[in-house]
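Me: I would like to learn how to read a few features of a protein model. Please take them one at a time.

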Amino acid sequence: MRRSLVLTDETARHPFLASLPPHVRQGNPPVRIERKPWLRLADLRDFLVAYCACFVGVSVFIA
């Protein structure tokens, strides 16, 4: 007689989920992620520094 290692659960409704133990299927409650502003003053400063450095480099190369 062939028996599966894990008893199936009808609430899983999917063969893969039914094969998992209940403590794995339970999962963790969703965690709220704190969103940060996508553009900060430091980002703007870094962009301007890189832009000015490239502008000066190209200007020196052309001159």
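Me: Which residues form a nonpolar patch on the surface?

Reply: A patch is made of residues with over 30% relative accessible area and no salt bridge; like charges are joined within 9 Å, nonpolar side chains (Val, Leu, Ile, Met, Phe, Trp, Tyr) within 5 Å. Here Leu41, Leu44, Phe47, Leu48, Tyr51, Phe55, Val56 and Val60 make up such a nonpolar patch, and together they have about 890 Å² of accessible area. Accessible areas come from the Shrake-Rupley method with a 1.4 Å probe, and for residues only the protein chains shown count as cover. This is a predicted model, in which local features need pLDDT of at least 70 and side-chain atom pairs count only at pLDDT 80 or more, while totals for chains, interfaces and linings use all residues. Residues are numbered from 1 along each chain as its sequence is written, and side-chain values use heavy atoms, with hydrogens and water left out.

Me: Where is Leu48 found, and is Leu48 exposed, partly exposed or buried?

Reply: Helices (H or I, at least four residues) and strands (E, at least two) are DSSP runs, numbered from the N terminus. Leu48 belongs to helix 3, residues 41-62. Buried means under 20% relative accessible area, exposed over 50%, and partly exposed in between (1.4 Å probe, protein chains only). With a relative accessible area of 44%, Leu48 is partly exposed.

Me: How many helices and strands does the protein chain have?

Reply: The protein chain has three helices and zero strands, in the order α-α-α along the sequence. Of its 63 residues, 5% are buried. The chain exposes about 6,900 Å², and 65% of that comes from carbon and sulfur atoms.

Me: How many salt bridges does the structure hold?

Reply: A salt bridge is a side-chain nitrogen of Lys or Arg within 4 Å of a carboxyl oxygen of Asp or Glu. The structure holds two. In one, the side chains of Asp43 and Arg40 meet at 3.9 Å, N to O. Asp43 is partly exposed at 29%, and Arg40 is partly exposed at 49%. In the other, Asp46 meets Arg45 at 3.3 Å, N to O. Asp46 is partly exposed at 42%, whereas Arg45 counts as exposed at 52%.
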